[in-house]
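Hello,

Here is the structure I promised to pass on. Please open it first, then read my notes below.

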Amino acid sequence: MTSSAPTPTNPHHGNTTLGVAAIGYAFMGKAHSNAWRNVASFFDVPAFEQKVLVGRDPEQVAEAAARYGWAEYATDWRAVIARDDIHIVDICAPGWMHAEIAIAALEAGKHVLVEKPLANTLAEAEAMTEAARAARARGIQSMIGFNYRRVPALALARELITEGRLGTIRHVRAAYMQDWLSDAETPMTWRLRKETAGSGALGDIASHAIDQVLYLLGDTVTDVSGRLHTFVTERPGADGTEQVTVDDAAWATLTLASGAVASVEVSRMATGQKNSLQLEIYGDKGSLLFDLENLNELGFLDATLPVREQGFRRILVNEPEHPYAGAWWPQGHIIGWEHTFTHQIRDFLTAITTGTAPSPSFEEGLAVQKVLAAVEESANNKSTLTVVNY
Ligand SMILES: NC(=O)c1ccc[n+]([C@@H]2O[C@H](COP(=O)([O-])OP(=O)(O)OC[C@H]3O[C@@H](n4cnc5c(N)ncnc54)[C@H](O)[C@@H]3O)[C@@H](O)[C@H]2O)c1
């Protein structure tokens with residue numbers, strides 16, 4: 001780990017070793033821990049220390065802390081946030097806890113990385129964004145974990161679109177398909193209760209798809225039409241059958257300020273689809289194709305070529321010139337899903353030491369949340385076209 005030059009607005013720089021605490025040690029806790037563990041082996045980042053991993057069960061969190069490279073474990077996140085040797089709080093807990101932890105951490109002067117979606121409700125997301133704004137004025141940074149922005153192929157897609165290689169974008173197809181709920185006997189989890197998850201496939205995976213539409217196009221959504229559906233309304237719970245109170249699948253069309261139209265389709269019951277985030281972007285000068293299950297590749301059609309030479313070319317996004325790729329292996333030695341989290345930590349640490357606001361910011365997380373809320377409102381009103389209020 002190396003140290004970086006201090007900046008005047010930055011309270012955590014220079015010779016300070018940044019103390020990191022992560023909250024949550026299950027799925028995302030493991031993915032983030034892995035990134036904290038390997039980021040300094042591949043990227044120049046400031047000195048930091050994996051100080052504390054926080055969870056509720058002392059035995060399990062102790063085991064996870066030892067396994068994932070954390071110096072200590074704890075069960076009370078409030079006590080951890082109060083510590084002077086903690087400068088960064090990485091929130092890997094479920095959505096119902098995001099607002100409370102993030103706001104407390106920001107107010108305590110800690111830089112905050114929080115998993116997506118920003119929160120379970122618009123009111124919480126707005127309060128978090130307000131806290132992030134106030135903290136930013138004091139040099140405290142915050143970021144939301146839309147990690148797919150850090151897939152090299154999608155970062156390249158963004159570069160190509162920004163450079164105008166697709167011309168005027170007319171429409172986008174974004175589909176995020178999973179099947180882990182296909183079996184009607186799959187038991188209840190916090191993800192299937194509205195009070196803990198906020199929504200179902202909508203907040204869980206449409207949030208990623210909508211963030212990609214906004215990120216790739218650099219655009220905003222003006223109105224939406226949405227539909228939500230729950231195919232299996234009851235599932236086995238700890239005390240017998242329990243009601244599922246969120247959607248299993250969601251559909252939406254989004255109108256963008258540029259005039260482009262995007263369709264978004266997400267499901268956790270698309271039998272046979274494991275984790276397929278597919279994006280198709282169509283412009284008057286070219287088109288792009290991407291599938292997360294093949295994340296080292298980007299399909300690019302250049303419609304400015306003579307028609308007889310046109311066709312989708314497969315770009316293996318593994319050259320040193322490609323975003324993030326130069327830090328890893330020689331050309332063609334492909335990377336995977338977990339690398340996106342390493343890139344995320346690298347970008348977050350860089351922002352902290354340079355004193356620049358990282359992206360995606362809480363404002364960007366709130367923009368996604370507003371689209372999600374409008375989709376839900378539209379769905380509740382028979383798919384009526386619903387304006388997104390910024
Ligand atoms: N970026 C991605 O690709 C991605 C993928 C999956 C989940 N997520 C997001 O990550 C977040 C967490 O999801 P997950 O899949 O890791 O959930 P999970 O159920 O696997 O883990 C949740 C963790 O939070 C901990 N936790 C709950 N209450 C706590 C408390 N009071 N104090 C301390 N720890 C507490 C649990 O012990 C557990 O370790 C959610 O916001 C989810 O949407 C993001």
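Start with the ligand. It has 21 residues around it, and G24, A26, F27, M28 and E115 are the closest. A residue counts as near if its C-beta atom, placed from the backbone, lies within 6 Å of the molecule. Two elements give two or more residues to this shell: α1 (27-42) and α4 (95-107). The top contributor is α1, with three residues. Helices here are DSSP runs (H or I, at least four residues), strands are E runs of at least two, and both are numbered from the N terminus. By class, the shell holds 11 nonpolar, six polar and four charged residues. Ala, Val, Leu, Ile, Met, Phe, Trp, Tyr, Cys and Pro count as nonpolar, Asp, Glu, Lys and Arg as charged, and the others, Gly among them, as polar.

Two cautions. This is a predicted model: local features need pLDDT of at least 70, side-chain atom pairs count only at pLDDT 80 or more, and totals for chains, interfaces and linings use all residues. Residues are numbered from 1 along each chain as its sequence is written.

Next, a helix pair. In α8, L202, G203, A206, S207, I210, D211 and L214 meet A367, V368, V371, L372, V375 and E376 of α10. Contact means C-beta atoms, placed from the backbone, within 7 Å. Nine nonpolar, two polar and two charged residues make up this contact.

Last, the record. An unreviewed UniProt entry puts "domain: Gfo/Idh/MocA-like oxidoreductase N-terminal" at residues 19-136. Such positions use the numbering given here, feature names are shortened, and annotations may be inferred rather than shown by experiment. That span is 51% helix and 20% strand.

Best wishes

Notes: Contact = placed C-beta atoms within 7 Å.
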